[in-house]
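Have the structure open and follow along.

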Amino acid sequence: MPLEKQGAIDIWELRGILALANKYQIDSVSTRVIRRIEADWPTSFEEYYTTQEAFSCRAEYIKSIGDWSRIEHELPEPASAIRLAIEHSIHSILPAAFYRLAISDPSVNWNSDADEHDLDVDVMSARWELL
């Protein structure tokens, strides 16, 4: 699995890799996975704001060309990030993940089918069942 930064990665997919790397003490793998996870989560409010602005611009462009498909999924998902960060002591991503969770709509689940919320860039969701 390539871990270079090419957009948000589904953290939940990295969970097994990180667990095995930690269990068998393969530090080079766990370090690489953690760095990749940290790359998706800004460490300051300014970085978070810049990331959100870039996302909003991209979403507006995609809406304008009519190629809409859960654009929100290009951002990292907060509930799985929080759970993984707590399980593996990746404290550096927690502030941004908790902030993203706080502005997410509790009535919209990350895994739900596409609906009218998909057209609203301001409606964020999470995998609420993981909390």
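## The second largest cavity

Helix H3 (residues 45-65) gives the largest share of the lining of the second largest cavity, three residues. Helices here are DSSP runs of H or I with at least four residues, numbered from the N terminus. The lining consists of Asp40, Trp41, Pro42, Tyr48, Thr51, Gln52, Leu75, Pro76 and Arg100. By class, that is five nonpolar, two polar and two charged residues (Ala, Val, Leu, Ile, Met, Phe, Trp, Tyr, Cys and Pro count as nonpolar, Asp, Glu, Lys and Arg as charged, the others, Gly among them, as polar).

This cavity holds about 60 Å³ of space, and a search of the whole structure finds two cavities of 30 Å³ or more. A cavity is a set of points on a 1 Å grid over the protein atoms alone where a 1.4 Å probe fits but cannot get out, and lining residues have an atom within 4 Å of a point.

## About the model

This is a predicted model, in which local features need pLDDT of at least 70, side-chain atom pairs count only at pLDDT 80 or more, and totals for chains, interfaces and linings use all residues. Residues are numbered from 1 along each chain as its sequence is written, and side-chain values use heavy atoms, leaving out hydrogens and water.

## H1 and its partners

The axes of H1 (residues 11-23) and H2 (residues 27-40) come within 9 Å and cross at roughly 155° (axes are lines fitted to C-alpha atoms over the stretch in contact, with angles from 0 to 180 degrees between N-to-C directions). That makes H1 roughly antiparallel to H2 (over 145 degrees). From H1, Ile11, Leu14, Ile17, Leu18, Ala21 and Asn22 meet Val29, Ser30, Val33, Ile34 and Ile37 of H2, where contact means heavy atoms within 4.5 Å. This contact has nine nonpolar, two polar and no charged residues.

With H4 (residues 78-88), the axis of H1 comes within 10 Å and crosses at roughly 10°. That makes H1 roughly parallel to H4 (under 35 degrees). Here Ile11, Trp12, Arg15, Leu18, Ala19 and Asn22 of H1 touch Ser80, Ala81, Arg83, Leu84, Glu87 and His88 of H4. The classes are six nonpolar, three polar and three charged.

## H4 against H5

H4 also packs with H5 (residues 94-102), at an angle of about 145° and with the axes 9 Å apart. Pro78, Ala81, Ile82, Ala85 and Ile86 in H4 meet Leu94, Ala97, Phe98, Arg100 and Leu101 in H5. That contact has nine nonpolar, no polar and one charged residues.

Definitions and conventions:
Helix = DSSP H or I, 4+ residues; strand = E, 2+ residues; numbered from the N terminus. Parallel < 35°, antiparallel > 145°, perpendicular 65-115°, else oblique. 1 Å grid on protein atoms, 1.4 Å probe; cavity = no way out; pocket = protein on both sides within 12 Å on 5 of 7 lines; lining within 4 Å. Points joined across faces, edges and corners; volume = space filled by probe spheres on them.
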